[in-house]
Amino acid sequence: MGKWIAIALMGLLLGGCQFVGRGPDTGPPVVEDRSEPPPEQIERKIAFPEQEYAKLAKNGTASISGQLFIRTASGVVYGAGETVSVAPATRYSAEAAEVALAGGYIEPADPRAQAYTHYAKTDDQGYFEITGLPSGVFYVAGRVAQPGGDRQVIINQVSLGKGQSKKIELSR
């Protein structure tokens with residue numbers, strides 16, 4: 001069940017936001033066919049706020065770097081080879097974040113939102129870096145496989161100024 005939370009989070013919270021990363025491993029996450037029925041989706045209550053997004057920049061000079069991991073009873077588990085996404089904090093993305101953190105699955109985001117999300121792939125220790133971000137407030141999201149296979153969704157809210165670089169721990 002946790003794996004669907006992660007898929008839903010990435011595809012719904014930040015899905016609908018176009019790839020703006022650099023290099024071959026920074027595109028949107030690929031959803032795997034696990035031969036399981038898709039989870040029941042919650043209908044979005046907030047329509048895509050076109051005017052709110054029109055005021056946002058898609059690119060800039062800020063960056064976020066950090067490490068994705070969880071702490072378990074048996075130690076630290078790194079989000080190795082995972083996708084981290086950064087999406088502007090809007091009413092629309094906040095609704096998806098709330099649903100994902102509550103363990104639900106919201107219907108896919110409007111494709112117009114994709115132009116505002118940036119992605120990066122983590123290394124073996126869960127480290128990532130995302131550059132080319134505009135200033136603003138963002139949801140930074142990732143997932144980590146827990147012992148037993150379930151994937152834990154982690155979302156932090158980060159504020160960036162023009163040209164600012166921030167280091168974060170994306171962890172629980």
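Modeller: Buried means under 20% relative accessible area, exposed means over 50%, and partly exposed lies in between, with a 1.4 Å probe and protein chains only. The model is predicted, so local features need pLDDT of at least 70 and side-chain atom pairs count only at pLDDT 80 or more, while totals for chains, interfaces and linings use all residues. Residues are numbered from 1 along each chain as its sequence is written, and side-chain values use heavy atoms, with hydrogens and water left out.

Biologist: How many salt bridges does the structure hold?

Modeller: A salt bridge is a side-chain nitrogen of Lys or Arg within 4 Å of a carboxyl oxygen of Asp or Glu. One of them joins Arg44 and Glu95, at 3.9 Å from N to O. For the structure, the number of salt bridges is 7.

Biologist: Are Arg44 and Glu95 buried or exposed, and how many residues apart in sequence are the parts that they tie together?

Modeller: Both Arg44 and Glu95 are buried. Arg44 and Glu95 meet in a salt bridge. Arg44 lies in the loop between α1 (2-13) and α2 (50-54), whereas Glu95 belongs to helix α3, so the parts tied together are apart in sequence by 51 residues. Helices here are DSSP runs of H or I with at least four residues, and strands are runs of E with at least two, numbered from the N terminus.

Biologist: What is the relative accessible area of Glu82?

Modeller: Glu82 forms a salt bridge with Arg151, the closest N and O atoms being 2.5 Å apart. Arg151 lies in strand β7 and Glu82 in the loop between β2 and β3, so this pair ties together parts that are 69 residues apart in sequence. Arg151 counts as buried at 14% relative accessibility. Glu82 is buried as well, with a relative accessible area of 8%.

Biologist: Which residues are linked with Arg112 in a network of salt bridges?

Modeller: The side chains of Arg112 and Asp110 meet at 2.8 Å, N to O. Arg112 counts as partly exposed at 42% relative accessibility, whereas Asp110 is buried at 18%. The residues linked with Arg112 in the network are Asp110 and Glu50.

Biologist: Why is strand β1 largely enclosed by the rest of the structure?

Modeller: Strand β1 covers residues 62-72. It pairs with β5 (residues 127-133) in the antiparallel sense over 5 bridges, and with β8 (residues 165-171) in the parallel sense over 7 bridges; two strands pair if DSSP finds at least two bridges between them. A hairpin through 2 residues joins β1 to β2. Strand β1 is largely enclosed because the buried residues number 9 of the 11.
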